[in-house]
Amino acid sequence: MATAPIDRMTASLDFQAAALALQAQRAKVLASNIANADTPNYQAKDFDFNQALTEATAQSAAAATRTHPAHLAASGAVGPAPTLQYRQPLQVSLDGNTVDLDTERAAFSENSVRYEATLRFLNSQIKTMLTAINGQ
Amino acid sequence: MSLFKIFDVSGSAISAQSQRLNVVASNLANAESIAGPDGQPYKSRQVVFQTQNFGADASTAGVRVAQVIQDNTPPRRMHDPSNPLADSDGMVTMPNVNPVEEMVNMISASRSYETNVDVLNTAKTLLQKVLQLGA
């Protein structure tokens with residue numbers, strides 16, 4: 001399948017974009033866990049990032065049907081929302097809450113660093129492209 | 001943009017925790033209040049947290065204070081015959097506030113508050129970095 005040049009140019013950004021969206025999603029889930037650290041019967045949730053990213057990138061390959069040959073292939077569409085799973089509690093708590101604040105904070109920090117890393121990858125790819133466009 | 005939702009989530013947690021801190025302050029302030037407006041000793045109050053969903057998305061869970069309940073544990077009885085409110089046995093009914101429990105509650109609330117502020121700040125920093133993308 002021949003891809004339009006403009007498509008080829010942005011295709012390299014799609015993977016990072018999908019990763020960025022998922023990392024934002026995960027930050028939200030972890031923030032919910034941290035917010036509910038004192039809520040009785042709250043079950044901590046998380047999702048498998050590896051699996052979610054695989055699904056998201058597989059989905060974007062066949063995202064939209066083109067009704068006109070001049071249409072660009074729509075790639076990089078946001079895939080389905082990742083399936084949330086309950087976290088296995090490390091220590092039981094009397095009020096039925098399964099949030100372990102240390103685990104959640106560590107996961108949130110890690111996720112933030114990864115989010116920043118993805119941003120840097122994106123930034124450097126954009127810079128590379130700009131350099132090519134400017135021809136310097 | 002799901003990072004914006006973090007402001008809702010952590011914001012709700014911050015306000016819920018501050019309400020909890022408020023209740024702790026009331027309890028500690030009234031730990032010795034033998035008679036309230038109704039003539040009865042003060043009863044300790046506790047907040048009940050509940051998960052609050054924003055929209056249909058199950059992955060976004062904030063917190064809200066569902067209700068403030070009155071603690072119905074039996075009051076403390078103290079022997080003080082000189083007190084004008086003492087009964088015929090010289091006993092005074094004191095509030096059922098447990099200062100130790102309240103202090104633990106206070107520390108827990110303040111830690112949770114700090115954690116949520118941290119999360120909020122991190123989300124803000126990340127969003128600012130997104131704004132500078134490609135610059």
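**Helix 1 of chain A against helix 2 of chain B**

I looked up how helix 1 (residues 5–35) of chain A packs on helix 2 of chain B in this predicted model: the angle is about 165 degrees and the axes are 10 Å apart. I took axes as lines fitted to C-alpha atoms, for helices over the stretch in contact, with angles from 0 to 180 degrees between N-to-C directions. Helix 1 of chain A and helix 2 of chain B are therefore roughly antiparallel to each other. The classes I used are roughly parallel under 35 degrees, roughly antiparallel over 145, roughly perpendicular from 65 to 115, and oblique for the rest.

I noted the crossing of these two helices as left-handed, the term for a near helix turned anticlockwise from the far one by less than a right angle (clockwise is right-handed). Helix 1 of chain A makes the contact with A:Ala27, A:Ala31, A:Ile34 and A:Ala35, and helix 2 of chain B with B:Thr115, B:Asn116, B:Val119 and B:Ala123. Contact here requires C-beta atoms, placed from the backbone, within 7 Å. By class I recorded 6 nonpolar, 2 polar and no charged residues. Nonpolar covers Ala, Val, Leu, Ile, Met, Phe, Trp, Tyr, Cys and Pro; charged covers Asp, Glu, Lys and Arg; the others, Gly among them, are polar.

**Conventions**

I number residues from 1 along each chain as its sequence is written, and chains are lettered from A and ligands numbered from 1 in the order in which they are written. The model is predicted, so local features need pLDDT of at least 70 and side-chain atom pairs count only at pLDDT 80 or more, while totals for chains, interfaces and linings use all residues.

**The side of chain B that touches chain A**

I found 30 residues from chain B and 27 residues from chain A in the contact. Helix 1, strand 1 (45–53), strand 2 (61–70) and helix 2 of chain B each supply at least two residues of the chain B side. Helix 2 of chain B gives the most, with 10 residues. By class, this side of chain B has 14 nonpolar, 14 polar and 2 charged residues.

**Chain B by itself**

I read the pattern of chain B as α-β-β-β-β-α, with 2 helices and 4 strands. Helices (H or I, at least four residues) and strands (E, at least two) are DSSP runs, numbered from the N terminus.

Helix 1 (residues 2–29) and helix 2 (residues 99–131) of chain B pack at about 160 degrees, with axes 9 Å apart. That makes helix 1 of chain B roughly antiparallel to helix 2 of chain B. Their crossing is left-handed, and I listed 18 nonpolar, 8 polar and 2 charged residues in their contact.

The C-alpha trace of chain B spans about 80 × 30 × 20 Å along its principal axes.

**Chain A by itself**

I read chain A from the N terminus as α-β-α-β-α, with 3 helices and 2 strands. Of its 136 residues, 28% count as buried (20 or more other C-beta atoms within 10 Å of its own; exposed is 12 or fewer, partly exposed in between; C-beta atoms are placed from the backbone).

I then checked A:Pro69, in the loop between helix 2 (49–61) and strand 2 (85–86) of chain A. A:Pro69 is exposed, because 5 other C-beta atoms lie within 10 Å. From A:Pro69 to A:Phe15, 54 residues apart along the chain, the C-alpha separation is 25 Å.

Note on methods. Contact = placed C-beta atoms within 7 Å.
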